[in-house]
Structure formats: C-alpha cells, structure tokens
Amino acid sequence: MSRIQKALKQNGLACSMVTTETFYHAVWAASPAAEAPEVRDYAAFRVQNTVRIGHELGARFAVYWPGSLGYYVQGAIDETETLRWYAGALNAACEADIRIAKEHNRPTLKHCLEAKPFEPQAEILLPTSDAMLGFISSGLLTHPEMVGLNPEYLHELMWGAAPRAALARALLAGKLWHFDINDGYRLKHDVDIAVGLVNPLDWLNVLVLLRSHGYHGPFNLDYKPPRTTSTHGVFAVSFPSAVDRFITLWEMAGEVMSDAIIKEATDALKAGGGAAKSKDADAIAAANRELLTLHELIAHRLVQILLGLHRGRTYSI
C-alpha cells in the first residue's frame, strides 16, 4: 500500500477508483455467488478489502464487474438464489464502507456495477445496464442508495443496444456515476478500441447527452491499443491520441449545444405545428408533417460539426 501511495505522490496522481478481481481466478469458476459458502465468504472478503484499500488511497468509487455470474448449462443453478447471494457480497461491501468511512472521516464510496452481455460464462445473469438497474431496485440490496452504474460504451454495443439510450435510462434513474469509454463494433466481441475510432458521430451524440444533463462523473479509458501498435507507440501515439480525440469530441459537444441552427430546429419541433388543441389525429399529423423533416436537418448539422464543415458556412433553415 505504501508503495502505491508513494508512486501516486511522486507522479502527481490521485486514485479515483478501485476495483476487485472476482472473475479470473479459478476460485470464481462458478462465480462470486457460487453454491459453496466458502466461495461466497471469500467474495465478501475481497470486496470488503477493496473498500478498505479505496479509503486508504483516497478513492471515491469502487467498480465491480461480476464477470462469471452466470452459467454454461441450463438448470445447473437457481438464478434467483444466485442473485440473492451476489447481493450479499455487495451488502457486505456497503456495510464495510459505512464503518471504514466513519473511521477515516470520509464519505462512503460510490459502488458501481458494470454489465457485460457475453463472456466468460455462456449465459450472464446481469448482462446489461438495464438489468443492473432492475437488480439495484429489486429489494435485495440493504443500501441501494450506495449502488449505481459504471456502464461501458462497447459493452452496450455488444448486445446491439444504443449506448446513448442506455446512458439516458441510467441518468433518469440517477444511477450514472462512472463511465468506461472505448469503441468497437455492434454485435461483435469485446475489442476495446480507443474512443472515437469506430463511431465518432455516435460518440459526439453521447457527449452531447452527458453534457446536456450535467454528468460530472469520471470517464475511465478502458481500451487496448491495436496489435499493430508498438510498445513505444502505445505511449507516443495511442494514449495521447485517445485523450485528444475525447477532449476534441467533448469540445464539439459544447459547439452542438450552442449551435444556433440546432437550437432553432429543436425549438420549432418542441413548439409543435399549432394544432395543440385539436383532438383530430389527421389534423395533428398534418400540422407536424413538415416539422419532422427537421430531424434530418439536425443530423446533418451534427455531421457538419463533426467534420468541421460548419466553419465559415451559413446554412439557413
């Protein structure tokens, strides 16, 4: 612990988040919520120890990926019992957090669950951020107010979801606390490509959403350089360019939010077509028919901003 604290201080860094491994070691073959009580007791010990380390390092967040919480063959486990057992580990972490935070005169950590739809089990019990939201509100947690989400952009794409929509649902629930950022391809495996290299327009829209709704939580770079990038290139090209793209997209999101054309189009859509008092479906549809074309105009304007084509141009509605 002292070596970690010394390294942070020497390099001018702070610890923001801690996590724990409950998926790789053979002890987790049947998940951290396995039938064997000794496995579950060890899982509780691991997450409680992570909380202690987090407070000693000054972290504010603890992130948990259940990993092997699932099964290979149907009927081998009782899903409801397994979820209750997994809740037991989180309850142990939260109870330890309350006690340790008081000892250190610090606020409790924010405990963030990360979902992944595939791997390492054949079937995952909490595969999506939406599933995690349901789990948090299930009544199984003794301190649900201490537990939120750490969605990962690519993990939402992997099952075919729209990451922006998943993030919106987490925002509405007040549970978007931490966000793993990367990129990749829909319905493919977990390639963890650096942010903005595959879906820059979608990333711009994601950051517009987060900026518009006041997200101030951490962004965690969760990516791997391509196999073709050298060791030197990881630090000379891959990491700095990933950070640069993210900052650029963040600034572009600010441009979108202040863009006069997008604002005018959005305001017109929200004002409606002037048939507010009508109860005639055909009249309402006719009044809004032309207005809805503004959806495509907004999308075009987003592309212009992404590519820098809006600078020095005038495009009047």
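Modeller: Start with aspartate 130 and arginine 169, whose side chains meet in a salt bridge at 2.8 Å, N to O (a salt bridge being a side-chain nitrogen of Lys or Arg within 4 Å of a carboxyl oxygen of Asp or Glu). This is a predicted model, where local features need pLDDT of at least 70 and side-chain atom pairs count only at pLDDT 80 or more, while totals for chains, interfaces and linings use all residues. Residues are numbered from 1 along each chain as its sequence is written, and side-chain values use heavy atoms, with hydrogens and water left out.

The pair links distant parts of the chain, with aspartate 130 in helix H4 and arginine 169 in helix H6, 39 residues apart (helices, H or I of at least four residues, and strands, E of at least two, are DSSP runs numbered from the N terminus). Aspartate 130 is partly exposed at 28% relative accessible area, and arginine 169 is partly exposed too, at 34% (buried is under 20%, exposed over 50%, partly exposed in between, with a 1.4 Å probe and protein chains only).

Now stay with H4, residues 129-136, and look at what it hides: Ser129, Met132, Leu133, Phe135 and Ile136 are its buried residues. Seen down the axis of H4, they fall within an arc of 160 degrees, so they line one face of the helix (the arc is that of the directions from the helix axis to the C-beta atoms). The cover over these buried residues includes H3, strands E4 (110-113) and E6 (147-149), and helices H5 (153-158) and H6 (163-172).

Leaving out residues up to four places away in sequence, phenylalanine 135 touches Leu83, Tyr86, Ala87, Leu90, Leu113, Leu126, Leu140 and Leu141 (contact means heavy atoms within 4.5 Å). Phe135 is also among the residues that touch the most other members of the largest nonpolar core, which has 66 residues; Tyr64, Tyr86, Leu113, Phe179, Trp203 and Leu204 are the others named. Such a core is a set of buried Ala, Val, Leu, Ile, Met, Phe, Trp, Tyr and Cys residues joined through side-chain atoms within 4.5 Å. Helix H3 (residues 79-104) gives the largest share of this core, eight residues.

Back to charges: the count comes to seven salt bridges. One of them joins aspartate 192 and lysine 224, again at 2.8 Å, N to O. Aspartate 192 sits in the loop between strand E7 (179-181) and helix H7 (200-212), and lysine 224 in the loop between strand E8 (219-221) and helix H8 (231-258), 32 residues apart. Here aspartate 192 is buried at 7% relative accessibility, whereas lysine 224 is partly exposed at 45%.

Arginine 301 and aspartate 259 meet at 2.9 Å, N to O, and both are buried. Arginine 301 belongs to helix H11 (residues 294-307), while aspartate 259 is in the loop between H8 and helix H9 (260-271), 42 residues apart. There's also a network of salt bridges linking Lys116, Glu119 and Asp190.

Finally, two charges lie over rings: the charged end of arginine 40 sits 4.0 Å from the ring centre of tryptophan 85, and lysine 110 lies over the face of tryptophan 177 at 4.3 Å. The rule asks for NZ of Lys or CZ of Arg within 6 Å of the ring centre and within 35 degrees of the ring normal.
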